[in-house]
Amino acid sequence: LILGYIFPLPYSLSQAKDLWYKVKPCGRLVRPVAPTRIPGRYLSHQEGLPKLPVPSLQQTCERYLATLEPIVDEEELSHTKELLAEFQKAGGVGERLQKGLERRARKTENWLSDWWLTTAYLDYRMPVVVHSSPGVVLPRLEFSDRQGQMRFAAKLIAGVLDFKTMIDNETLPVEYLGGKQLCMNQYYQVLSSCRVPGLKRDSVVNHAHRSRPPTHITVVHNFQFFVLDVYNSDGTPLTVDQLYMQLEKVWSSSLQTNKEPIGILTSNQRNSWGKAYNNLIKDKTNKDSVRAIQKSIFTVCLDAPMPCVSDELYHSRAAVQMLHGGGSRWNSGNRWFDKTLQFIIGEDGSCGLMYEHAPAEGPPIVSLIDHVVEKKSEMVRTPMVPLPMPQKLRFNITPEIKKDIEKAKQNMNIMVHDLDVKVIVFSHFGKNVPKTHKMSPDAFIQMGLQLAYYRMYQRCCATYESASLRMFKLGRTDTIRSCSIDSANFVKAMDDPAKQKIEKVTLLEKAVKAHRAYTDMAIHGQAIDRHLLGLKLQAIEDLTSMPEIFMDTSYAVANHYNLSTSQVPAKTDCVMCFGPVAPDGYGVCYNPMAEHINFAVSAFNSCNETNATHMAQRLEEALLDMRMLLESTPKAKL
């Protein structure tokens with residue numbers, strides 16, 4: 001099993017949007033004279049959070065078998081039952097590993113979080129581009145020139161700095177799910193942080209908590225990086241007007257289009273980039289420039305226009321721009337892919353961001369987006385205080401670095417040609433229809449995905465949906481396994497002419513309820529996947545032989561996610577997108593709005609069996625057929 005197949009894809013409180021609300025802190029938000037922290041608020045909140053539990057061994061083994069039933073054959077299932085019986089014997093290997101995990105849980109703040117960061121991200125050696133980092137497509141902007149691009153960029157920067165003030169002051173509204181406080185730690189990891197490549201394992205640096213935190217962002221235009229200080233000498237943030245003037249200076253200082261795209265190095269396979277990185281920073285000028293990017297609060301990418309497409313294809317084209325930049329001929333060199341937050345603004349009105357996944361899941365990113373979009377930063381005339389010229393970062397390109405850049409370009413272009421992304425706005429209905437039938441919108445959509453996949457391949461597959469563990473201190477994610485015995489019964493019955501409509505509705509209701517139950521189990525720390533991973537990692541740490549259940553075919557099948565999915569709800573009419581996690585799989589992300597749903601579906605062109613456009617069409621058909629089934633069966637009381 002490649003561990004990369006089990007890393008979390010983004011990342012939301014998908015499953016319980018209806019339960020989610022925010023409680024604002026008392027008192028008025030005060031803009032600080034200089035970035036300061038009000039001590040105690042964040043820490044006192046965090047200290048009150050419960051620890052992530054270790055589920056019982058018997059419970060996980062029973063639930064694991066149930067999730068295998070629809071995706072493995074009877075012979076494999078029978079073999080796995082025998083292995084699990086052996087694993088659970090009193091005094092056996094399973095009990096020993098369970099006790100080790102329970103000891104770890106007692107000694108640490110979160111028994112999973114460090115392991116997860118390392119296993120799912122820092123040890124993962126595929127490029128972060130496509131394989132790990134999600135993109136977000138924001139609504140298209142009404143401009144098509146550089147002045148519009150600069151104006152919007154200035155307003156966006158001001159909005160992010162306003163959000164940063166809440167982080168710095170620890171006045172961010174504490175979030176709740178089902179009446180329980182959520183861990184806010186991830187909000188403190190996304191600004192002034194960056195991934196750093198290693199030869200075998202990466203690391204993440206966070207400069208926000210230093211005694212002198214960064215006061216600059218990086219701006220990249222025509223592959224050239226600039227340091228832009230975003231605070232005045234008295235600690236106040238620059239106004240939108242000041243930011244606009246500074247961005248104009250950046251633009252006019254980077255008109256050359258023949259510069260080496262140094263940023264494309266960050267798109268390479270991690271071991272290759274780690275080797276090239278060590279070579280790059282041998283030179284002091286290069287090292288200082290790289291450090292300036294890593295320390296920056298975030299990065300703004302001022303992109304050149306992408307190839308024109310029809311309005312129908314615009315969102316799909318914008319999605320690939322956010323995911324990888326379109327290739328070395330377009331904007332892929334206009335990035336530093338290791339940077340946690342990169343806002344992307346095209347001269348043609350395209351807009352969005354991408355984020356490096358190691359420090360956080362989607363909710364902090366989406367909250368930031370919603371804040372920036374809702375905040376109407378105005379172009380206010382400000383006193384003409386002379387501002388320093390943004391500093392261009394210099395790189396000395398040796399023949400060896402030039403060779404690394406060329407190789408990275410080739411690899412990037414291969415990834416670009418291989419990734420197929422289809423974004424659709426499903427306009428027939430949104431959350432309103434499932435709610436009318438007293439169904440969870442997320443569970444309804446997930447059943448639509450199960451039906452679409454079954455219609456395409458006449459089989460069920462292992463399906464990953466991200467569940468938030470933020471009810472617990474330092475919680476990240478676990479897996480909602482959307483493919484269940486109940487979902488399999490529903491999808492097999494849906495197109496069976498021998499089945500009555502009322503029976504199909506009953507099966508759909510049962511499948512939706514099963515999904516809701518699994519979701520509830522997952523967000524309360526009782527799902528199976530992270531527990532099984534913990535037992536496996538405990539065996540590695542104990543230097544014992546690997547238990548047979550982890551060498552079993554069933555375990556490989558269970559972790560080969562042909563459907564990797566996530567609901568990322570936002571107030572903003574946007575959609576997140578990410579690549580598949582299996583070579584023959586799909587990545588599906590969605591944002592359900594009141595009366596429409598934004599979907600992004602991805603697949604690899606190198607796999608003959610997958611097609612993002614076909615999957616998107618089948619998904620539309622499945623959702624419409626499910627609505628028709630419910631509406632044409634009046635006796636159904638769900």
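Me: Why are α6 and α11 called oblique to each other?

Reply: Helix α6 (residues 146-169) and helix α11 (residues 362-374) pack at about 120°. Angles under 35 degrees count as roughly parallel, over 145 as roughly antiparallel, 65 to 115 as roughly perpendicular, and the rest as oblique. So α6 and α11 are oblique. The model is predicted: local features need pLDDT of at least 70, side-chain atom pairs count only at pLDDT 80 or more, and totals for chains, interfaces and linings use all residues. Residues are numbered from 1 along each chain as its sequence is written, and side-chain values use heavy atoms, with hydrogens and water left out.

Me: What describes two packed helices?

Reply: The angle between their axes and the distance between the axes. For α6 and α11, the axes are 9 Å apart. An axis is a line fitted to C-alpha atoms, for helices over the stretch in contact, and angles run from 0 to 180 degrees between N-to-C directions.

Me: Which residues make α6 meet α11?

Reply: L156, G159, V160, D162, F163 and M166 in α6 meet S367, L368, H371 and V372 in α11. Contact means heavy atoms within 4.5 Å. By class, 6 are nonpolar, 3 polar and 1 charged. Here Ala, Val, Leu, Ile, Met, Phe, Trp, Tyr, Cys and Pro count as nonpolar, Asp, Glu, Lys and Arg as charged, and the others, Gly among them, as polar.

Me: What makes α8 roughly antiparallel to α12?

Reply: The axes of helix α8 (residues 270-280) and helix α12 (residues 399-418) cross at roughly 150°. That angle makes α8 roughly antiparallel to α12. Their axes come within 10 Å. A276, N279 and L280 of α8 and E400, I401 and D404 of α12 make the contact.

Me: How do you know whether C351 is buried or exposed?

Reply: Buried means under 20% relative accessible area, exposed over 50%, partly exposed in between (1.4 Å probe, protein chains only). C351 has 1%, so C351 is buried. C483 has 4%, so C483 counts as buried.

How values were computed
Helix = DSSP H or I, 4+ residues; strand = E, 2+ residues; numbered from the N terminus.
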